[in-house]
Amino acid sequence: MTRQNIGIGSAANDGTGDTLRTAGTKINSNLTELYDMRTRVTESKSIALGGSDSDRLKFPNVGNSFILHTIKSDQNAYIKIYTDSDSRVADFGRGQLASPAPAGLIHEVVATANVPERITPGILGYTDSNNATGIQVQVKNLTGGTATINVRLKALKIEI
């Protein structure tokens, strides 16, 4: 939502400003947006992957800027989080936890099934592309067989 300014008129009590009800509605809308922007978000996505296959997930509800708190997978998986899809694509051939970490990589983890990785202090992340498609996450199946992998991110949304 765009910020809603209250029309105050040209001069005091000239009758050209917003009514009290309209002004109150704008105040409530602005405050609601500010309140909602700084909330913890838990978002889960699933993907079916064969053997040691990789593919991407998108998390649109985490926000354009966020502080990452927890990553959890219900299966063994290698999970990488990026600022944008170009960084994800450019990093596709790099080995598991290999150095150097590329530009655009926010965080990576080798996740053990159902064991949350708690990130302390939280990691500040952001998207480079207006979050049109969401946070870019690459998931590699480490189960040894075909599996549907559910990945859950917990973060503090600091920018919508």
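**A few residues in turn**

Trainee: Where is Ile-8 found?
Mentor: Ile-8 is in the segment before helix H1 (20-37); helices here are DSSP runs of H or I with at least four residues, strands are runs of E with at least two, and both are numbered from the N terminus. This is a predicted model, where local features need pLDDT of at least 70, side-chain atom pairs count only at pLDDT 80 or more, and totals for chains, interfaces and linings use all residues. Residues are numbered from 1 along each chain as its sequence is written, and side-chain values use heavy atoms, leaving out hydrogens and water.

Trainee: Is Ile-8 buried or exposed, and why?
Mentor: Ile-8 counts as exposed because its relative accessibility is 71%. Buried means under 20% relative accessible area, exposed over 50%, and partly exposed in between, with a 1.4 Å probe and protein chains only.

Trainee: OK, switching topic. Where does Lys-80 sit?
Mentor: Lys-80 is in strand E4 (residues 77-82). Lys-80 counts as buried, because its relative accessibility is 4%.

Trainee: Which side chains does the Lys-80 side chain join in polar contacts?
Mentor: There is one of 3.5 Å to Tyr-82 and one of 3.4 Å to Asp-91. A polar contact is a pair of N or O atoms within 3.5 Å; within protein, one must be able to donate a hydrogen and the other to accept it, and residues adjacent in sequence count only if both atoms are side-chain atoms.

Trainee: And what else does Lys-80 touch?
Mentor: Not counting residues up to four places away in sequence, Lys-80 touches residues including Arg-94, Leu-105, His-107 and Gln-136. Contact means heavy atoms within 4.5 Å.

Trainee: You mentioned His-107. Which strand is that in?
Mentor: His-107 is in strand E5 (residues 105-111). His-107 is buried, with a relative accessible area of 15%. Its side chain makes a polar contact of 3.2 Å with that of Glu-117.

Trainee: What about His-69, where does it lie?
Mentor: His-69 lies in strand E3 (residues 65-73), and it counts as partly exposed because its relative accessibility is 21%.

Trainee: Which residues is His-69 in contact with?
Mentor: Leaving aside neighbours within four places in sequence, they include Arg-40, Glu-117, Ile-119 and Lys-154. So Glu-117 is in contact with His-69 and also touches His-107, with contact meaning heavy atoms within 4.5 Å.

Trainee: Last one: how far apart are the C-alpha atoms of His-69 and Thr-2?
Mentor: They are separated by 28 Å, and the two residues are 67 residues apart along the chain.
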